[in-house]
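Student: I have a structure open and would like to learn how to read it feature by feature. Could you walk me through it?

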Amino acid sequence: VVVPLALQAVSLSRAESGREFSVSVSFGFAKASLGKLARRAIQDVRTHALRSQSIVVRGATDAIGDRSANQRLAVTRAESVREELVKLGVAPDIVRVEGCIDCFVASNMTPLGRSANRRADIVFSGAAEKPFLR
């Protein structure tokens with residue numbers, strides 16, 4: 001089964017809870033590089049990122065493959081997102097990266113489910129009145 005390119009490039013989900021806002025960006029199989037759509041999605045939340053007091057980027061993987069390799073990939077995905085945020089002017093000291101290999105949002109039994117699990121969740125916390133600039 002082939003997963004459509006659009007699903008491989010970016011999948012956004014937004015959740016707001018009090019002073020917390022999150023966005024998820026998807027990755028292709030065994031990939032940690034950001035495509036055009038993923039970069040655009042991150043650019044779309046730039047203003048919110050600049051106003052956040054802290055940002056956690058949590059890279060995730062599907063359940064295919066070696067756990068230690070998946071942990072490295074999850075962290076590398078998070079680092080790719082962090083690098084893009086910093087390029088957009090976000091202060092690097094407010095962005096923390098994590099890797100999670102058991103943070104599934106869908107079943108790993110189907111290609112579509114595995115695709116949904118290959119992502120980085122970006123959690124913005126504590127919106128400030130003025131942007132933090134580096």
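**Reading the fold, the core and the charges**

Tutor: Gladly! Among contacts in the protein chain between residues at least 6 apart in sequence, 74% join residues at least 24 apart. Keep in mind that this is a predicted model.

Student: Then let me begin with confidence. What average pLDDT does the protein chain have?

Tutor: The general idea is that where pLDDT is low, the predicted coordinates should not be read in detail. Here the chain averages a pLDDT of 85, and 80% of the residues score at least 70. Over residues 1–14 the pLDDT is below 50, although this stretch has 32 contacts in the model beyond near neighbours in sequence.

Student: Good, I will treat that stretch with care. How many helices and strands does the secondary structure come to?

Tutor: The protein chain has 5 helices and 5 strands. Along the sequence they follow the pattern α-β-β-α-α-β-α-β-α-β.

Student: And what share of the residues is buried?

Tutor: Of the 134 residues in the chain, 45% are buried. The chain exposes about 7,300 Å², and carbon and sulfur atoms supply 54% of that area.

Student: Let us go inside. Which residues of the largest nonpolar core touch the most other members?

Tutor: That core has 22 residues, and those touching the most other members are Ile 55, Val 57, Val 81, Leu 85 and Ile 122. Two or more residues come from each of strand 2, helix 2 (36–44), helix 3 (46–51), strand 3 (52–60), helix 4 (67–87) and strand 5.

Student: I would like to take one member as an example. Which residues does Val 81 touch, not counting those up to four places away in sequence?

Tutor: Val 81 touches Phe 27, Leu 34, Ile 42, Val 57, Ala 120 and Ile 122. Two of these partners, Val 57 and Ile 122, are also on the list of core residues that touch the most other members.

Student: Now the aromatic rings. How should I read a pair, and how many does a search of the whole structure find?

Tutor: A pair of aromatic rings is described by the distance of the centres and the angle of the planes. The search finds 1 aromatic pair here. Phe 21 and Phe 124 form it, with 5.7 Å centre to centre and 35° between the planes, a tilted arrangement. Phe 21 lies in strand 2 (residues 20–26) and Phe 124 in strand 5 (residues 119–127), so the pair ties together parts that are 103 residues apart in sequence.

Student: Are those two residues buried or exposed?

Tutor: Both Phe 21 and Phe 124 are buried.

Student: On to charges. What is the idea behind a salt bridge, and how many are counted?

Tutor: Side chains of opposite charge can pair when their charged atoms come close. The count comes to 6 salt bridges. One of them joins Arg 58 and Glu 98, whose closest N and O atoms are 2.9 Å apart. Arg 58 is in strand 3 and Glu 98 in strand 4 (residues 95–100), so this pair ties together parts 40 residues apart in sequence.

Student: Which residues are linked with Arg 58 in a network of salt bridges?

Tutor: Arg 96 and Glu 98 are linked with Arg 58 in that network. Between Arg 96 and Glu 98, the closest N and O atoms are 2.6 Å apart. Each member is partly exposed: Arg 58 has a relative accessible area of 27%, Glu 98 has 23%, and Arg 96 has 46%.

Student: What about Asp 102: with which residue does it form a salt bridge?

Tutor: Asp 102 pairs with Arg 67, the closest N and O atoms being 3.1 Å apart. Asp 102 sits in the loop between strand 4 and helix 5 (111–117) and Arg 67 in helix 4, so the pair ties together parts that are 35 residues apart in sequence. Asp 102 is partly exposed, at 48% relative accessible area.

Methods: Residues are numbered from 1 along each chain as its sequence is written. Side-chain values use heavy atoms; hydrogens and water are left out. Rings of Phe, Tyr and Trp (its six-membered ring) pair if their centres lie within 6.5 Å; planes under 30 degrees apart count as stacked, over 60 as edge-to-face and the rest as tilted. Helices (H or I, at least four residues) and strands (E, at least two) are DSSP runs, numbered from the N terminus. Buried means under 20% relative accessible area, exposed over 50%, partly exposed in between (1.4 Å probe, protein chains only). pLDDT is the predictor's confidence in each residue, from 0 to 100. Contact means heavy atoms within 4.5 Å. A nonpolar core is a set of buried Ala, Val, Leu, Ile, Met, Phe, Trp, Tyr and Cys residues joined through side-chain atoms within 4.5 Å. Accessible areas come from the Shrake-Rupley method with a 1.4 Å probe; for residues, only the protein chains shown count as cover. A salt bridge is a side-chain nitrogen of Lys or Arg within 4 Å of a carboxyl oxygen of Asp or Glu.
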